[in-house]
Amino acid sequence: MKRKTVATSTLSATERRLQRLGLRTPQDCVIHLPIRYEDETQLHRIASARVGQTVQLEGEISYNEVQLRPRRQLVALLRDDTGSIFLRWLHFYPNQQKQVSKGQLVRVRGEIRSGFNGLEIVHPRVSRAGGALASTFTPVYSTTDGLTQPVLRKIIGQALESADLSDTLPDTIRHRFKLMPFAQAVRTLHYPPTQTTLSSLEERSHPAWQRIKFDELLAQQLSLASARALRLEQTATPLNANHEPLFNALRERLPFALTRAQERVINEISQDLSRAYPMHRLLQGDVGSGKTIVAAFAALKAISSGAQVAVMAPTELLAEQHYHKLQAWMTPLGVQVQWLSGSQKSKNKQQVLGSIAGGETQLVVGTQALIQTSVEFHCLGLVILDEQHRFGVGQRLALGQKGEQQVSHAPLLPHQLNMSATPIPRTLAMTLFADLDVSVLDELPPGRRAVVTKLVADSRRQELIAHIHSEIQKGRQVYWVSPLVEESEALQLQTAVDTHAYLQQTLPDLSIGLVHGRLKSAEKTEVMEAFRSGEISLLVATTVIEVGVDVPNATLMVIEHAERFGLAQLHQLRGRVGRGAEQSVCVLLYQPPLSAIARQRLRTMYETTDGFEVARRDLALRGPGEFLGLRQSGVPLLRFADIETDTALVEQAQSLATELLSNARDIAQVHLDRWMKGKHVYLRS
Ligand code: ADP
Ligand code: MG
């Protein structure tokens, strides 16, 4: 398949419009599939037309008038053997008026409405009576300004004639997976024969749709698998020196023993790191499962081999907390740990950058933005990205099918560990992360008691405040998360400030802190330090504390206006408590009346503390696009298949992809060429 490339300036207006729809070649047009259909295969009788029905009628115009009241409009009356119906145009051209002059025999098409004088059709489509009826349903395509359905239909019709519709899959495979031939599938979808049940097309359950969805999923699986294969061909420095001395030294310093899950994952990572191709591993673990210490061991493995490690977090608050933890663990082992921050004084920063470039710094912690844009390493061997979901899967995909998140100027390809507390349900992981290796921390540290979640109506606020007071008297610490204000960050900040002032006034004997996103980094640190040390017992916070903050003595969290938060966010927030051995409580303070979806979210929070279960329900409530934050990123997930309902197809496509890649790469390549337009996915032979 040759791709015709045309300089933009020489494109006709129609070609430009087609390009806007992503239609550049006949092949593109072939899979620009209808969004719905119209039935122009039969004529209806006026007497049997019902309100809301889209009909096609034929008859004689018995009356025609341009009325001026209540506004200028063209009205005509159409009559057949069974009755008559009004046609109405609120704006019209002289030739339209002529088309429906008295005595004309016409065919009209449109939706029946009930008007002032009985049934009517507003802005019907008019053609001459007696033309041949359509022999198939008429496709309606998504289109763009200035490109009408008839023009688009004609272009797509021509494409179906000229494009290569040969099957990418041999008959044996088609039969095995019960797939319709490709040509038949696309023809059926563009021009469904009249005996087709339209609902099976609209619900995409028709065999023709199954074939298209299968092809799409197969292409996706093939490209992910080839990205993976490509990665295995890249070279990274194997980090395989003996890590035992450093590992043992850290174990001795820890106040706890690692869980079996942590041991297993550390082992998996260590093995990956000692290979000569870059690791690309996703570590999933519910909030509180202890990912940070796993990251520390991974870093030690790399450092033992003389490589540098970068630990990156999405927010400065979180990065800083990592820095403190890692420094406390690592510095006694003789590891050089550095902190890189946006607010660092430039002289100090130059020094840090110098020691990273020179190789003295072994571990650097900072925000992702900072490290990726401004740091030159001596020999970066491992990149650890915490709370990867915050960076957006879309971003990851946008960086190319390889999903590489390279740090600029790296002299060698670093290994990469992504850590995420958003568990991704299995089918989603299969379609999105087939190019990654996945480790799961499926065990919480011992002695943890599940957080008890309480739903409390806002009318009981005073009672709640009294309870907070008594908890704090017992030596506990409390978070109060101020409500999310969607419309405006400034308003959200104001709410936090007001809440803080109000609580201070109501609980004058307590020391109450306030942390929010507008504070300078040093101020944030100061407040968090004071909370960590117990100097502050009640911390009013915005969602800046959503991710990763770890203060084990905090046992009560209040989330105000919990109904405004999403499930993932509520789960993350709740994960800030229940980190020590004491029983923790999360109070979801809500303002009735609740919308149906808010009620479901709160019920989910009440019913389960299992992050995977929360994620599963979140996915069901929001759909994959929003679940993954893809909607904003503009990266289309899948055009035709639906990973929630097409699970069986995903599995079949995955198994066939593996098979083709191992013994029929030519077929795989032909299939990719058709489906991965412009992405240039080439398989190595
Ligand atoms: P997350 O997976 O949410 O990032 P953290 O790494 O912040 O979790 O760990 C949560 C808390 O659990 C921390 O206080 C950490 O020190 C503690 N922790 C981690 N592993 C263990 C363990 N094996 N036993 C006891 N406590 C642990
Ligand atoms: Mg964490």
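**Close-up views of the predicted model**

**View 1. Asp215 sits within helix α8, residues 207-233.** Helices here are DSSP runs (H or I, at least four residues) and strands are DSSP runs too (E, at least two), numbered from the N terminus. This is a predicted model, in which local features need pLDDT of at least 70 and side-chain atom pairs count only at pLDDT 80 or more, while totals for chains, interfaces and linings use all residues. Residues are numbered from 1 along each chain as its sequence is written, and side-chain values use heavy atoms, with hydrogens and water left out. Is Asp215 buried or exposed? Asp215 is buried, at 0% relative accessible area (buried means under 20%, exposed over 50%, partly exposed in between; 1.4 Å probe, protein chains only). Not counting residues up to four places away in sequence, Asp215 touches Thr168, Leu169, Phe182, His671 and Trp675 (contact: heavy atoms within 4.5 Å).

**View 2. An open sheet of 7 strands with parallel pairing runs β11-β12-β10-β13-β14-β9-β15.** Two strands pair if DSSP finds at least two bridges between them. β11 (337-340) and β15 (437-441) stand at the edges with a single partner strand each, so one side of each has no neighbour in the sheet. Neighbouring strands are turned against each other by 20° on average, direction ignored (axes are lines fitted to C-alpha atoms, for helices over the stretch in contact; angles run from 0 to 180 degrees between N-to-C directions).

**View 3. Strand β9 (residues 280-285) meets β15 in parallel through 5 bridges.** Gln284 stands opposite Val440 in β15. Helix α11 (residues 291-304) packs on the sheet, and its direction makes about 175° with that of β13.

Note on methods:
Chains lettered and ligands numbered in written order.
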